[in-house]
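Here are my notes on the model, point by point. Please read them with the structure open.

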Amino acid sequence: MTKKNMVKALSLLGLTAMLLIGFTACDTGNSLGIGNTNIEAKGSVDKPVKIEYKNLETWLKNDAGTNGTNFVAISDISNEALKGTENSCSPLGSLIRNGNKKVFLILGKKGSRGVIDFSEIGEKAFYGVKNLIGIKFSSELTSIGNEAFANCADLVTVDFSGCNKLENIGIEAFYKSPALESINFSDCTSLKKIEWQNFMWCYSLKELDFSECTSLEEIGAHSFQGCHPLTNVKLPASLKTLGFSSFRSCSALTNIIVDVNNVNYVTEDGILFNKDKTKLILYPSGKTSSGYTIPDTITEIGETAFAGCEFLTNVTFPINLRTVKRWAFSECSLVSVDLSGCANLEAIEGGPFLCTTLTDIIVDKNNSKYCTENGILFNKDKTELVQYPSGKPEKSYKVPDSVIKIGDSAFMSCENLETVEFSTNVVRLEAHAFEFADLISIKFPANLESIGVCAFMNCEKLTDADLSECSNLKDIEGQIFDCARNVIVKLPNADIHIKGEQPFGRQLSCVKEVQIPKNNTYNLKQKIIDSGYPGSRITEY
């Protein structure tokens with residue numbers, strides 16, 4: 001794991017201090033003991049306190065258990081009461097948050113638990129709501145909106161059991177709910193799609209069982225990333241698409257199980273492959289083996305396939321390997337990558353070997369697509385620098401004159417490299433080219449034409465980005481200097497097209513200053529302001 005990613009992960013883990021240690025149901029009015037403390041509780045999962053929505057605020061104020069969990073079923077509630085807005089949670093969410101009492105909310109069909117029939121939970125319905133420690137959903141539920149339960153600091157358990165009409169769980173629906181321990185998906189036979197980043201950074205989640213989700217076809221990218229205690233995942237026969245980084249940074253994950261009837265995926269020793277085992281999709285990052293020999297049937301290593309496998313120091317690559325996808329081995333502990341036995345290797349995508357321990361990449365000298373020099377990976381004619389090993393100890397590096405393009409993530413996470421010098425031939429810096437690098441200074445090539453998205457993002461030590469001589473600069477993309485707070489960017493008098501938003505950083509993480517030529521002829525100041533950068537920080541030179 002890179003130094004910066006480790007700091008980020010630890011800071012997120014700190015939120016687990018908010019985790020509730022447990023709760024137990026009891027009948028109304030009874031006392032509940034956890035440890036040596038008597039805690040007052042109201043109701044139970046099977047016998048919740050039934051309250052009309054219009055009376056909930058009064059009940060929470062006057063009758064709810066003071067310290068314990070209140071198991072509450074709400075009647076006379078409408079879909080409108082479960083819809084948040086851009087700036088606030090739903091009316092029901094607001095009542096629970098402001099009631100300052102722990103609530104386990106039980107939503108059910110009218111007549112079964114005295115709750116009115118409803119079919120959806122709207123966007124941001126409970127966004128950021130404290131005191132909501134659990135929820136059991138209605139059997140009539142069909143969808144959950146984007147960010148519906150995101151940032152719910154106290155949410156411990158989510159029960160979808162019996163929700164056989166539920167089809168979709170929206171983007172970031174449970175994002176950053178740090179106390180969430182368990183999710184019950186039993187009998188969710190209509191669930192088709194879990195959108196991207198859904199349960200990302202739910203750092204207390206321990207197990208996932210989708211085996212009864214017999215219609216589930218897609219799990220979006222980053223869906224369960226950062227669920228550190230997660231050890232086992234069961235996937236159904238219906239699954240067709242597993243998004244990249246779905247289980248990245250799940251540091252305890254050792255076993256992925258796929259239904260034997262799945263026609264798209266298969267597992268062996270807990271490792272996920274496509275059905276015919278030509279593609280390795282996911283190696284669980286909790287596996288403690290220091291070495292792994294990839295089967296010779298494999299022709300492709302998937303995007304982020306080994307990401308976060310910190311125990312992995314040695315990998316033997318298969319002779320039939322053709323493609324290594326981007327970030328495939330990021331945050332592993334590899335020291336050397338030997339691809340010399342892969343005679344058919346033809347595609348290495350951006351930053352596949354982002355290991356801060358890596359000092360050497362080797363390819364066969366007869367390979368028709370790639371070559372290496374001093375352990376640095378180039379394309380065959382050395383017009384593109386594909387990857388500079390981020391563990392190299394050198395403080396400075398001069399890019400060879402033959403290079404015209406710096407590849408995607410080429411210098412990403414280089415913690416030792418302080419200075420980079422280009423020849424005038426370099427015209428393109430690809431996406432993420434220097435992200436998280438500890439650069440102090442960089443000499444830009446005079447013929448530079450374009451800079452890709454996030455190229456210098458999180459370069460916190462960089463203080464000077466002098467592009468004033470780059471008169472051919474045409475395109476800059478989004479968030480190039482985001483979180484590079486100390487840098488002063490000096491732009492040329494050129495007709496620059498800003499292709500993405502906030503190239504100079506977001507509001508709280510933008511660069512120190514942007515300088516433009518006095519009397520420039522391309523209305524640069526207005527372009528920069530329109531991109532989201534404050535006009536007060538734009539000066540002339």
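Are arginine 248 and glutamate 331 buried or exposed? Arginine 248 is buried, and glutamate 331 is buried as well. Buried means under 20% relative accessible area, exposed means over 50%, and partly exposed lies in between (1.4 Å probe, protein chains only).

Ground rules come next. This is a predicted model, in which local features need pLDDT of at least 70 and side-chain atom pairs count only at pLDDT 80 or more, while totals for chains, interfaces and linings use all residues. Residues are numbered from 1 along each chain as its sequence is written, and side-chain values use heavy atoms, with hydrogens and water left out.

1. Arginine 248 and its salt bridge. Arginine 248 forms a salt bridge with glutamate 331, and the closest N and O atoms are 2.9 Å apart. The pair links distant parts of the chain: arginine 248 sits in the loop between β16 and β17, glutamate 331 in the loop between β24 and β25 (336–339), 83 residues apart. A salt bridge here is a side-chain nitrogen of Lys or Arg within 4 Å of a carboxyl oxygen of Asp or Glu. Strands (E, at least two residues) and helices (H or I, at least four) are DSSP runs, numbered from the N terminus.

2. Other partners of arginine 248. Its relative accessibility is 14%, so arginine 248 counts as buried. The side chain of arginine 248 also makes a polar contact with the side chain of serine 330, at 3.1 Å. A polar contact is a pair of N or O atoms within 3.5 Å; within protein, one must be able to donate a hydrogen and the other to accept it, and residues adjacent in sequence count only if both atoms are side-chain atoms. Leaving aside neighbours within four places in sequence, the residues in contact with arginine 248 include Phe224, Thr304, Ala307 and Trp327. Contact means heavy atoms within 4.5 Å.

3. Serine 249 lies in the loop between β16 and β17. Its phi is near 60 degrees, a positive value in a residue other than glycine. Serine 249 counts as buried, at 13% relative accessibility. Glutamine 197 has phi near 55 degrees, again positive in a residue other than glycine. Glutamine 197 lies in the loop between β12 (193–194) and β13 (207–209), and at 14% relative accessibility glutamine 197 is buried.

4. Further salt bridges. The whole structure holds 26 salt bridges. One of them joins the side chains of glutamate 140 and lysine 165 (3.0 Å, N to O). This pair links distant parts of the chain, with glutamate 140 in the loop between β7 and β8 (143–144) and lysine 165 in the loop between β9 and β10 (168–169), 25 residues apart. Glutamate 140 is buried at 12% relative accessible area, whereas lysine 165 is partly exposed at 38%.

5. Arginine 506 and aspartate 482. These residues form a salt bridge, with the closest N and O atoms 2.6 Å apart. Arginine 506 lies in the loop between β40 (497–498) and β41 (513–516), and aspartate 482 in the loop between β38 (475–476) and β39 (488–490), so the pair ties together parts 24 residues apart in sequence. Arginine 506 is partly exposed, at 37%. Aspartate 482 is buried, at 0%.

6. A network. Glu384, Lys405, Arg428, Glu430, Glu477 and Lys499 are linked by salt bridges into a network.

7. Cysteines. The structure holds 0 disulfides. Cysteine 188 is in no disulfide, and the nearest cysteine sulfur, that of cysteine 213, is 5.0 Å away. The cut-off for a disulfide is a pair of cysteine sulfur atoms within 2.5 Å. Cysteine 188 is buried, at 0% relative accessibility. The sulfur of cysteine 309 is 4.9 Å from its closest cysteine sulfur, in cysteine 332, which is too far for a bond. Cysteine 309 is buried too, at 1%.

8. Strand β7. All 5 of the 5 residues in β7 (residues 132–136) are buried. Strand β5 (residues 102–106) pairs with β7 in the parallel sense over 4 bridges. β7 also pairs in the parallel sense with β9 (residues 157–159), over 3 bridges. Two strands pair if DSSP finds at least two bridges between them. Glycine 134 in β7 is the bridge partner of phenylalanine 104, and threonine 157 in β9 is the bridge partner of glycine 134.
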